[in-house]
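Subject: Model handover and findings

Hello,

Here is the structure for your files. My notes on it follow below.

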Amino acid sequence: MKKFFSILFVAIMIFSLFGSAAAEEKKSITLAVQSHSALNALAELFDEFTSETGIEVIMDQSPQDQLSQKILMDLGSKTGAYDIIGIHEIWLGSYADSGWLAPLDDYIAAEEKNDPDFDYADFTTPEAFNYNGVQYGLPLYNETHMLFYNKEIFEEAGLPDRAPETWTELEQFAKTIKEKTGKAGIAMRGISDNRAIIYTWNIFAYSNGWQGWFTDDGKANFNDPAAIEAAEYYCNLLNTYGPEGVGSYNWTEVQTLMQQGQVGIIIDASNFSARLENPEASTISGKIGYGTVPKSDKTGEARPGVLSYGLYIPAESKNKDEAWKFLKWALSKETQLKTALIGTREDVTRKSVIQQPEYIEKYAIGNYLDIKSASFEIGCKHYPCIVPFEEVSHEVSVTLNTLLTQGGNAETLFATLNDNIDAIMQENGF
């Protein structure tokens, strides 16, 4: 009996030692990401990742404007609170030049060598996360601009069942809807917070022949007549035919108004479709028409934007290897297909997933996939990859929102904007 207890005691001690070691080795990683359907779908699978790896996932999820402040505070103070962050590609230049991001090149090279399923070439826009030859992130979701219209409201207003094709038609359709139905003819983003208003105004400026935020010699380009005309058209359209208080609208308000059947036309991100067609959240599921953004009457062109949201590992993360395991898993072909099928997210970033029969069956609603594909083909990058993007985009947003909500002379406002941006660039050594 004495011998038995001795053996039992030794066994308990061994188990205790190994158990303690296992407990100490158990890891958790923290994500700072946007409140978004792509992340919501991914969160449903976190238990699978934990089961496979033993790594627990804590997700700090916030609306876009709040998220930016949290991330900037953590990265700037170098606390290392986050192991993965989610940001749009437009912030890459400033984050990378600040030394806040860990390069992923070595991780990617190792996966390409050892795991054929990783398949870097299968990503749709990995180059959006490469800065000065260094890969800092990989795409979680992609989007382009599209036009969405409510078929029932169009019928009530006596309009044809098709998207308006030009700026002139867009205004005519919006006017008819408001006069015939009493509902808002059109809704788009109007708030200045976190560059929201720029997101949709950009479409009109680029379609109108604008060459972008800066000239070839690096000077601000906002006093270009094409940009000023686009701002005047945009603000007049929303003030005349938009919903009350549109100056405070971000994408969530635009989406909700459409889901509730209170607006005839919206122009926003392509990934709205899955949420607008979701009968659990939308009263207009099955009643939506799709179109590319309207062409400028002056140029005959339509230039929607193409934008990617990626996942990155902060330089101060204390769990980089674990973070990479998560990033690889979250962006894998298998996980992206699962999230597309269990959630309302069609904005996957794997070419092979988009071609899967299950994906096509779920998201081929009307002509949606065709319009989305056409929009990506004619789309372009709307934002410059510059270090002081936060300061510059703030000036642009405030100017546009001022014109929308307070009026004024667009040419004067944009001349001042131009001077302010040139001053910001000079202060930052450009």
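**Helix α10 and its partners**

The axes of α10 and helix α19 (residues 410-427) come within 10 Å and cross at roughly 125°. Axes here are lines fitted to C-alpha atoms, for helices over the stretch in contact, and angles run from 0 to 180 degrees between N-to-C directions. Helices (H or I, at least four residues) and strands (E, at least two) are DSSP runs, numbered from the N terminus.

Before going on, the ground rules. This is a predicted model, in which local features need pLDDT of at least 70 and side-chain atom pairs count only at pLDDT 80 or more, while totals for chains, interfaces and linings use all residues. Residues are numbered from 1 along each chain as its sequence is written, and side-chain values use heavy atoms, with hydrogens and water left out.

Back to the pair. The crossing of α10 and α19 is right-handed. A crossing is right-handed if the near helix is turned clockwise from the far one by less than a right angle, and left-handed if anticlockwise. On the α10 side, A227, I228, A231 and E232 make the contact; on the α19 side, A410, E411 and F414 do. Contact means heavy atoms within 4.5 Å. By class, this contact of α10 with α19 has 5 nonpolar, no polar and 2 charged residues. Ala, Val, Leu, Ile, Met, Phe, Trp, Tyr, Cys and Pro count as nonpolar, Asp, Glu, Lys and Arg as charged, and the others, Gly among them, as polar.

Helix α10 (residues 225-241) also meets helix α18 (residues 389-406): their axes come within 9 Å and cross at roughly 45°. That makes α10 oblique to α18. The crossing of α10 past α18 is right-handed. From α10 come A231, E232, C235, L238 and N239; from α18 come L400, L403 and L404. The classes in the contact of α10 with α18 are 6 nonpolar, 1 polar and 1 charged residues.

**Cores**

The largest nonpolar core has 127 residues. A nonpolar core is a set of buried Ala, Val, Leu, Ile, Met, Phe, Trp, Tyr and Cys residues joined through side-chain atoms within 4.5 Å. Buried means under 20% relative accessible area, exposed over 50%, partly exposed in between (1.4 Å probe, protein chains only). I85, W201, F204, W213 and F326 have the most contacts inside this core. Helix α10 gives the most to this core, with 11 residues.

Take F204. Setting aside neighbours within four places in sequence, F204 is in contact with W167, L170, M188, A230, Y233, Y234 and I267. There is also a second, separate core of 7 residues, which includes A274, V353, Y359 and Y363.

**Helix α11**

In helix α11 (residues 251-259), the residues W251, V254, Q255, L257, M258 and Q259 are buried. The buried residues of α11 pack against β1 (27-34), β6 (137-150), β7 (184-187), β8 (263-269) and α12 (272-276). Just after α11, G261 takes a positive phi of about 70°.

Most residues other than glycine have a negative phi. Two residues to check:

- K78 has a phi near 60° and is not a glycine. K78 lies in the loop between α4 (64-77) and β3 (84-88). At 53% relative accessibility, K78 counts as exposed.
- R195 has a positive phi of about 60°, again not a glycine. R195 sits in the loop between β7 and α9 (196-207). R195 is buried, with a relative accessible area of 4%.

**Single sites**

- S270 lies in the loop between β8 and α12. At 0% relative accessibility, S270 counts as buried. Beyond four places in sequence, S270 is in contact with E143, T144, M146, F148, E346, Y368 and K372.
- S94 lies in helix α5 (residues 92-97). S94 counts as buried, at 10% relative accessibility. Not counting residues up to four places away in sequence, S94 touches I386 and V387.
- G99 is in the loop between α5 and α6 (105-114). At 46% relative accessibility, G99 counts as partly exposed.

Best regards

Notes: Angles under 35 degrees count as roughly parallel, over 145 as roughly antiparallel, 65 to 115 as roughly perpendicular and the rest as oblique.
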